[in-house]
Structure formats: C-alpha cells, structure tokens
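I opened this entry to keep a record of what I looked up in the structure and what I found there.

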Amino acid sequence: MCGRFSLAYDKETVVEYLIRTFAVDDIDYDLPRYNIAPGQDVPTLIFDGSQYRAGPIKWGFKPFFAAKENSSFQLVNIRSESLGNKPMFDQPLRKGRCLVLADGFYEWNEKKPYRIMLEDQRFFLMPGLWTSYRDDDGASIHTAAIITKPSDGSMRDIHDRMPVMLNHEAGKKWLTVPAYGKTDRLWQLHTRKELHRNRVSDIVNSPENDNEACIKPR
DNA sequence: CCAGACGTTGTT
DNA sequence: GTCTGG
DNA sequence: CCAGACGTTGTT
DNA sequence: GTCTGG
C-alpha cells in the first residue's frame, strides 16, 4: 500500500534533479512536502509524446464510468496484478501513465508510523495511472493512483503491500515504452536495494501536519 | 435478458 | 464502457 | 493512509 | 460502524 508519502527536498534540489534526468526545468508544485495525503495534489511526471512534463495531479483516480462529481468512486492505489485484466485500466495504461516523485513513503504497523526511504535517501519514482474528467464548471480535473505490488525484502516485516519504486531509467521506460509494465516480473527489477526505515512521530497521522517533525526519526 | 458493480486498503 | 450475477 | 464527522430546520 | 475529506 501507499497512502501517504513525502517529497521533503527543497524545490531547487528537485528542479535540479528534474533538469538533469528528464530535461524538465520546473514543476508547478510547492516544496518541500512532508506529508502528502490522498485527495491532495501529488508531484508527477508524464510524457506528452515528445517531451517529459512535470506538474500536479489530484491523488484519487476516478475512472471514466465514475466521471461525475457525485461519484465517490476513487482509487488511491492500483494493484500491479490488476493491470491488463481490468477494462477500467486499459485506456489509462495506453495513454495515462505517470510517475509520482517521492523521497519516502509512510507505512503504519500496529498503528505506529514508519518512513521508508532508499538507502541513499534520494528520489524514487512510483508509477501510476492518471485520467481526467470535467467538473460541473467544465474544468478538467486530472486524477491519479499509485501502483502497488506484494512487499519484498525487509518491507515484509511491516506490511504485505508496498508501492512500486523505480529509478529514473525504469521510470522513463514506464512512460515511453507501451509494453513495459505488462508483466509482474518487470516490477521486481528495481527494488533490489535494501530500504531504510525510520520510526517517526504520530504527528504524521494527521494530514493537517506537514512539517519537518513528520520525517524526524524517533 | 437487465441490474448492478466496477477498486484498494485494513480491520473484525 | 464492460463484466458478473441473477 | 488516518482523522473526523455522522442530522435537520429556518433564517441571515 | 461507515463514509468523507485531506
């Protein structure tokens, strides 16, 4: 699962990474973020056919058949095992791939929150699907969900599911190679490295709290 | 055939 | 829209 | 994911 | 308990 995460670097550092790896020179997103929750905008990358683009998308995928204001149908996560055999994901799989930029995600075990990071504590990319609908005013609303897989390695200690974590090479393949991601095997390639885990304060429980205390080890 | 669900997560 | 259940 | 609300009426 | 909001 993945229902909360962080992108706690300052904007300058994130933009420097985006320029270097995706030739994207800005992202319309306020940083740092210590506690990003469903319902809020998440920092994403997409490929528009010729170049990468970075921007915010609302977390909570609303499939086309639920594309009306009154429907509460929305997904925070999509199981990687479901891709390719659920019609609702077919079109997004072809035309709605995205990457969610993060430097850590939160996991609760016995009500205690932990922050999971790469060993080098730098950026990783969570693949997702996005789609759009028009709200009552005719405005286009983009929504996205993050793809999960069965936990591996040390993650199994605290949870049976985890977000797929890609490096930037795999992330580019996800965005640009239509066949990529069609088999479960491919999701396992990029998480060989051990993960770093910090027990953090309960203040992260509330999405209202979005400050450095959320990521501070305790 | 039509009606109704369609997803994920955790918790009991 | 498309699949499943009745 | 967790936290917090969960109802109705009339009046401004 | 269950739904909604962040």
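Predicted model: local features only at pLDDT ≥ 70, side-chain atom pairs only at ≥ 80, totals over all residues.

The notes below go through the sheet, the DNA strands, the cysteines and a few backbone details in turn.

**The open sheet**

I began with the strand order, and I found 5 strands forming an open sheet in the order β2-β1-β7-β8-β12, with antiparallel pairing. At the edges I found β2, residues 33–36, and β12, residues 195–199, each of which pairs on one side only. I also looked up the twist, which averages 25° from one strand to the next.

I then followed β7 and β8. Strand β7 covers residues 104–109 and strand β8 covers residues 112–118; the two run antiparallel and are joined by 5 bridges. Going along this pair, I noted that E107 stands opposite Y114 in β8, and that W108 stands opposite P113 in β8. The hairpin of β7 and β8 has 2 residues between the strands, and in this hairpin E110 takes a positive phi near 50°.

For the other neighbour of β8, I found 5 bridges to β12, again with the strands running antiparallel. Here I116 stands opposite R197 in β12. Is β8 mostly covered or mostly open? I found that β8 is mostly covered, since 6 of its 7 residues are buried.

**DNA strand B**

I next listed the protein residues around DNA strand B: there are 15 of them, and those that come nearest are L75, R79, S82, T148 and H159. By class, the residues of this surface divide into 6 nonpolar, 5 polar and 4 charged. Strand β5, residues 77–79, gives the most to the surface near DNA strand B, with 3 residues.

Which part of DNA strand B lies within 4 Å of the protein, sugar and phosphate or bases? Of the atoms of DNA strand B within that distance, I found that 70% belong to sugar or phosphate, and the rest belong to bases.

I looked up individual phosphate contacts as well. An N or O atom in the side chain of R79 is 2.5 Å from a phosphate oxygen of DNA strand B, and for the side chain of S82 I found an N or O atom 2.5 Å from a phosphate oxygen of DNA strand B. For K86, a polar side-chain atom lies 3.3 Å from a phosphate oxygen of DNA strand B.

**DNA strand E**

Turning to DNA strand E, I found that R4, A37, P38, G39, Q40, S72 and P207 surround it. This surface has 3 nonpolar, 3 polar and 1 charged residues. Of the atoms of DNA strand E within 4 Å of the protein, 21% belong to sugar or phosphate, while the rest belong to bases. One polar contact that I wrote down involves P38, where a polar backbone atom is 2.9 Å from a base nitrogen of DNA strand E.

**Cysteines**

How many disulfides does the structure hold? I found 0 disulfides. For C98, I wrote down the reason: the closest cysteine sulfur, in C2, is 12 Å from the sulfur of C98, which is too far for a bond, because a disulfide requires the sulfur atoms to be within 2.5 Å. C214 is likewise in no disulfide, and the nearest cysteine sulfur, that of C2, is 15 Å away. I checked burial too: C98 is buried, with a relative accessible area of 0%, and C214 is buried, with a relative accessible area of 0%.

**Backbone details in the loops**

P32 sits in the loop between α1, residues 11–22, and β2. The loop between α1 and β2 is also the place of A23, which has a positive phi of about 55° although it is not a glycine. A23 is exposed, with a relative accessible area of 70%.

I found another positive phi, of about 60°, at Q121, which is not a glycine either. Q121 lies in the loop between β8 and β9, residues 124–134, and is partly exposed, with a relative accessible area of 33%.

I ended with D90, which is found in helix α2, residues 90–95, and is partly exposed, with a relative accessible area of 34%. D90 and V177 are 87 residues apart in sequence, and their C-alpha atoms are 15 Å apart in space.

How values were computed
Residues numbered from 1 in each chain as written. Chains lettered and ligands numbered in written order. Heavy atoms only, no water. Buried < 20%, exposed > 50% of the residue type's maximum accessible area, 1.4 Å probe, protein only. Pairing = 2+ DSSP bridges. Helix = DSSP H or I, 4+ residues; strand = E, 2+ residues; numbered from the N terminus. Axes fitted to C-alpha atoms, helices over the stretch in contact; angles between N-to-C directions. Near = heavy atom within 4 Å. Polar contact = N/O pair within 3.5 Å; in protein donor to acceptor, adjacent residues only side chain to side chain. Nonpolar A, V, L, I, M, F, W, Y, C, P; charged D, E, K, R; others polar.
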